[in-house]
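Please look at the model shown here before reading on. The dialogue that follows takes up its features one at a time.

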Amino acid sequence: MRPVAIVPAAGLGERMGADKALLDLGGRTAIERVAATCRAASIDRVVAVRRAGAAPLPSSAGVQAVEVAGGGDMAASLRAAHRVLPADVDAALVFPVDHALVEADTVLALTALLRRPGCAVALPLFRGRPGHPALFTRAAFAEIEADGATLRDVVRREPARVQVVPTANPWVAADLDRPEDLRAAVCALHGEPWSTVAQMFRHRSHRSYRPDPVPAVQIERLVDAARHASTSSYIQAYAVIAVRDAAARAECARLCGGQRHIVEAPVFFAVCADLHKLAAACGRHGTTLQAQSLELFLQATVDAALLGQNLQLAAEAEGLGACMIGAARNHPIELAARLGLPPHVYVVFGMTVGVPADDPVPRGRMPLAGVLHWDRYDADVGAVLDGADEVMRTWARRANLEQGGYNGRPVSEGKGWTERMAAAWGADSSYAAARRTLREELRRLGFGLE
Ligand SMILES: Cc1cc2nc3c(=O)[nH]c(=O)nc-3n(C[C@H](O)[C@H](O)[C@H](O)COP(=O)(O)O)c2cc1C
């Protein structure tokens, strides 16, 4: 086989804030890394597509650069590369710089796959999701010239000619789009293949999901891992209801402010504070649970929160997306009845989990100086609030620019964090008003706050 690698690298890297081909990945630029990976897999010819006026690529990459006009899409870049392919080339490996951490073994596996009878498109698969680089026979690749077809059209047109190779490398399915992706890549280059800390930086709440189910074995694994969080005095005062039934999820959604993502996600977890088991343990030994205790309420609530956060992180680590649902406290008694909760159990928050269908702009966080203090609470709160406002405005600008706003509506770029918080939690707080009955509802569910 005589393949050529095509590296689409004509974008402005707006979300990254830098030219992605020239990102420093462990002392080598992304384009150098891609070219080296191709060479290690015996693909010596590499064509990089660059926008006119882009910075030159390092000569050490040894790639042929092809120019396209700025503002074009991926398909335009690929067509430009297709037109310069030498006559003897019989396969094209499309290898975006986003996937620069993919290793040569994946490329070798793809070339072996393309040699199989009937295979015209070879894709790597990470945890069931196809990614890049993707290898095409020359004839299949040439189809991008036909009436505006995209690479995705070429892949989907004839499923029978597409073959996949599973890989353990998450970078086949992960983009290098944003600064946090770069941070994750750099972490990976420094040791752990996908570090926990890098994963935490990549957190975003996802509110749209593909219909793919989350298998029961995966749910069991995630919840089992999550409950290994620390637990106050070893009381393990939590319970999780995994709601998969569509009608039951619709009912939960109705009780949680009608949030669409609860209906859309394949599973909705109700993360509960659970003193029922503790009450039973007391009963077994002739004592009575001090259910009126504020301390016990707090312990159970903190326990549930720790489990919930662990669950979200575990789900994210396995390529899923999640969103916590505090609106589970809108109608706590009805929700408890719907879920068959026994006395002394309430839903602290819910959580939607599934394969994400959205790509939300990360919210960012207020300056660290407002959160991390050294030896004593030492923040300049005014400066922290200014910083928090700026983070919020930056998010709003990006959300408007990249996604036409948030939830289908433009976001006000003028409003900072302080103004929003003052509106939500100040004198006329509708949030606080909506939860005014919570104390009494919790009491009826078996929690005293004394
Ligand atoms: C306890 C808790 C309850 C939440 N409740 C909701 C909710 O009901 N609906 C929702 O869409 N997001 C909910 N969220 C998600 C927050 O809005 C989100 O975490 C926050 O805006 C920061 O965005 P990020 O998670 O994408 O960084 C909740 C988060 C937490 C921690």
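**Reading contacts, packing and backbone**

Q: Which residues does Gln312 touch, not counting residues up to four places away in sequence?

A: A contact means heavy atoms within 4.5 Å. Gln312 touches His203, Ala322, Cys323, Met324 and Met351, with residues up to four places away in sequence not counted. This is a predicted model, in which local features need pLDDT of at least 70 and side-chain atom pairs count only at pLDDT 80 or more, while totals for chains, interfaces and linings use all residues. Residues are numbered from 1 along each chain as its sequence is written, and side-chain values use heavy atoms, with hydrogens and water left out.

Q: Is Gln312 buried or exposed?

A: Buried means under 20% relative accessible area, exposed means over 50%, and partly exposed lies in between (1.4 Å probe, protein chains only). Gln312 has a relative accessible area of 4% and is therefore buried. Of the 450 residues of the protein chain, 48% count as buried.

Q: Where is Gln312 found?

A: Helices (H or I, at least four residues) and strands (E, at least two) are DSSP runs, numbered from the N terminus. Gln312 is found in helix H12.

Q: At what angle do H8 and H12 pack?

A: Axes are lines fitted to C-alpha atoms, for helices over the stretch in contact, and angles run from 0 to 180 degrees between N-to-C directions. Helix H8 (residues 216-226) and helix H12 (residues 294-317) pack at about 135°, and their axes are 8 Å apart. Angles under 35 degrees count as roughly parallel, over 145 as roughly antiparallel, 65 to 115 as roughly perpendicular and the rest as oblique. H8 and H12 are therefore oblique to each other.

Q: Which residues of H8 and H12 meet?

A: From H8, Leu222, Val223, Ala225 and Ala226 meet Leu307, Asn310, Leu311, Ala314 and Ala315 of H12.

Q: Where is the cis peptide bond, and what is its omega?

A: The bond joins His132 and Pro133, with omega of about 0°. Pro133 is placed in the loop between strand E8 (129-130) and strand E9 (134-137).

Q: What is phi of Gln236, and what is phi of Asn407?

A: Gln236, a residue other than glycine, has a positive phi near 50°. Gln236 is in the loop between H8 and strand E11 (238-243), and because its relative accessibility is 29%, Gln236 counts as partly exposed. Asn407, which is not a glycine, has a positive phi of about 60°. With a relative accessible area of 61%, Asn407 is exposed.
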